[in-house]
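Please take a moment to look over the sequence and the model before reading on. The paragraphs below move from strands to rings, then to charges and the surface.

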Amino acid sequence: SLGSCQAAIVDSEYLHVLHLTFEQALNADVPYAISWQNLKDTFGYIIPDHSVTVVNDQTPPEVAEYLVLSENMIWLKYTEPLNETSAEFLLNYQITPSIGHPTEAKYTQADSTVLLEFSASFVEDTAYTLTIDNLEDLSDNALFDHMIDFTFTQPDVPAFGDLIITEIMATPDPPVALPNAEFVEIYNRSSKPLSLEVLTFQDATTLKDFPSIILMPHEYAII
């Protein structure tokens, strides 16, 4: 418990910001529920009662999982949202030997992932080390000198029966809790990573190439 609120001060520059002071200090990485009631805005209107959870974040981000998508692309998923500038700063990533820094790092906030693309290509059955350094989360906690060892293996081309279609959305209009778009869901029922870029999908009116992605064993993809 933080105890009672000792002071509540409206910021002099940003009137929508309220600074709260409590009896006790916030412990690191512990969630606290802060509730308020009977508040009014500057026009005298009552602000609805509400509760929020706050955390004094002192833990650096970690890599939750990674995938080597192709001979020059790696996908990283983190345990928490990142500082976008830090996540896309190319010098924060390096692969040795011979590969160097990425030419592009694209951060997706929705799932805390980063897609790295390199100009040099990985060599089949060669061991590499990806080093991630000075990568910050939203609370400025930094991940330093984190190393991921991997060996690049060219993914297989799907054989007959490796992929199955598990769902078809042919008439999305009107949408019901789904995007207003046609799609098919596919499943990799094999025990090997599969490259989808060699595939095409064709119906009576459309011919589409599959995206350049790797579908891992027993995973689904929506196309």
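Five of the six residues of strand 12 (residues 127-132) are buried, so this strand is largely enclosed by the rest of the structure. Here buried means under 20% relative accessible area, exposed means over 50%, and partly exposed covers what lies in between, with a 1.4 Å probe and protein chains only. Strands (E, at least two residues) are DSSP runs, numbered from the N terminus. The model is predicted, and for that reason local features need pLDDT of at least 70 and side-chain atom pairs count only at pLDDT 80 or more, while totals for chains, interfaces and linings use all residues. Residues are numbered from 1 along each chain as its sequence is written, and side-chain values use heavy atoms, with hydrogens and water left out.

Strand 12 has partners that can be followed one by one, where two strands count as paired if DSSP finds at least two bridges between them. Strand 9 (residues 93-96) is joined to strand 12 by four bridges and runs antiparallel to it, and in this pairing Tyr93 stands opposite Ile132 in strand 12. Strand 15 also pairs with strand 12 in the antiparallel sense, over six bridges, and there Thr129 faces Asp149 in strand 15. Strands of a sheet pair through backbone hydrogen bonds, either parallel or antiparallel.

Strand 17 (residues 183-188) is connected to strand 16 by six bridges, and Glu167 stands opposite Glu185 in strand 17.

Which rings lie close enough to be counted as pairs? Rings of Phe, Tyr and Trp (its six-membered ring) pair if their centres lie within 6.5 Å, and planes under 30 degrees apart count as stacked, over 60 as edge-to-face and the rest as tilted. By this rule there are six aromatic pairs. In one of them, the rings of Tyr187 and Tyr220 have centres 4.6 Å apart and planes at 35 degrees, so the pair is tilted. Tyr187 lies in strand 17 and Tyr220 in strand 22, so the pair ties together parts that are 33 residues apart in sequence. Tyr187 is buried, with a relative accessible area of 18%. Elsewhere, Phe118, Phe122, Tyr128, Phe150 and Phe152 form one aromatic cluster.

Side chains of opposite charge can pair when their charged atoms come close. A salt bridge is a side-chain nitrogen of Lys or Arg within 4 Å of a carboxyl oxygen of Asp or Glu, and by this rule the count comes to one. Asp162 forms a salt bridge with Lys192, the closest N and O atoms being 3.3 Å apart. The two residues are 30 residues apart, with Asp162 in the loop between strand 15 (146-151) and strand 16, and Lys192 in the loop between strand 17 and strand 18 (194-195). Asp162 is buried, at 10% relative accessible area, whereas Lys192 is partly exposed at 26%.

Ser139, in the loop between strand 13 (135-136) and strand 14 (142-143), is partly exposed at 37% relative accessibility. Its C-alpha atom is separated by 8.6 Å from that of Asn56, although the two residues are 83 residues apart along the chain.
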